[in-house]
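Let's take a friendly look at how charged side chains pair up in a protein model. Have the sequence and the 3D view ready as you read.

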Amino acid sequence: MFISKRRFILKTCGTTTPLLCLEPLLLLAEQYAGFTEVEDLFYSRKNYKRPDLQVTPHKHFDQEVALLDSLFPDGVAYCMGAVNKDCWYLYTLNPFPRRTPHQALPPVIEEPDQTLEILMTDLDPEIMSIFSKEESLNATEATKRSGIDKIIPNMIIDDFLFEPCGYSMNGVTKNGCYMTIHITPESEFSYVSFETNVPCSSYREIISKVLDTFLPGKFTVTVFANQTSPIKDTAEELQYLSTIGEWSRRDIQHCQFKNYDLIYTFYSKFPS
Ligand SMILES: C[S@@+](CC[C@H](N)C(=O)[O-])C[C@H]1O[C@@H](n2cnc3c(N)ncnc32)[C@H](O)[C@@H]1O
């Protein structure tokens, strides 16, 4: 969980029900910070391997959308990628500009903002074994042995190694950027998620470092960038990356929302 002045980020796993916290969260934001409006919202997840094991309202994306629609009149739901294979669901806000025909738009004062997310499956078993109590003494050792501390240097890291296995870390920079990594090492359903909002003119190097660190069989890459982000033009570089190392691109989609451009790509070593 990351909280800043105007933003709240929550990442969960397993059979948690993050959408059920929305109503109490909105009440708390009003009560403690005086915020009565949601400027933007992003709820996203990869398709589940076993959706039947989830708890309502997370058994199906339609259920999640129905709940979100009941709270947000301007919400829109998307599925990127192949709906019968690997795909990525997104719910966001995309309201029409509210103005009369002769009224000029107010000037938009926009802070640069961007998010890179890499969701990886079928990971290298030797690397995954680092994230167990059998192989690593503690989270700090797992962070160092895996090379997580080198992906984006100078992060202040809060990491945790679960018993008997599993790993989570949150990192922040002095200027308020974040990186977060969560690892499920069990070979039957191995999964690693990586997310950061560090500003860069290209994400190529970070993507390569993440892939070299975890060696996934397949992965999705998504980049959100607004108009003032330094990544804005180079987010498109993904369009020209039909291969990254030994991974080939199987899917690419591009979306334009009210404030953000989104690019979604899916790569795998072998056809899935
Ligand atoms: C990375 S952790 C969960 C991370 C965290 N809940 C999140 O998403 O921020 C998931 C891995 O930890 C293991 N694990 C062990 N104990 C756990 C616990 N009490 N809660 C969640 N995961 C646990 C799971 O088997 C799995 O491999």
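The side chains of Lys46 and Asp86 meet in a salt bridge, 2.7 Å from N to O. Here a salt bridge is a side-chain nitrogen of Lys or Arg within 4 Å of a carboxyl oxygen of Asp or Glu. Lys46 lies in strand β3 and Asp86 in the loop between β4 (75-81) and β5 (87-93), so the pair ties together parts 40 residues apart in sequence. Lys46 is buried at 10% relative accessibility, and Asp86 is buried at 8%. Buried means under 20% relative accessible area, exposed over 50%, and partly exposed in between (1.4 Å probe, protein chains only).

This is a predicted model, in which local features need pLDDT of at least 70, side-chain atom pairs count only at pLDDT 80 or more, and totals for chains, interfaces and linings use all residues. Residues are numbered from 1 along each chain as its sequence is written, and side-chain values use heavy atoms, leaving out hydrogens and water.

By the salt-bridge rule, the count comes to 16. Here are three of them:

| Salt bridge | N to O distance |
|---|---|
| Lys46 and Asp86 | 2.7 Å |
| Glu39 and Arg6 | 3.1 Å |
| Arg145 and Glu141 | 3.6 Å |

Glu39 is exposed at 55% relative accessible area, and Arg6 is exposed at 54%. Arg145 and Glu141 both lie in helix α4 (residues 139-146), 4 residues apart, about one turn of the helix. Helices (H or I, at least four residues) and strands (E, at least two) are DSSP runs, numbered from the N terminus.
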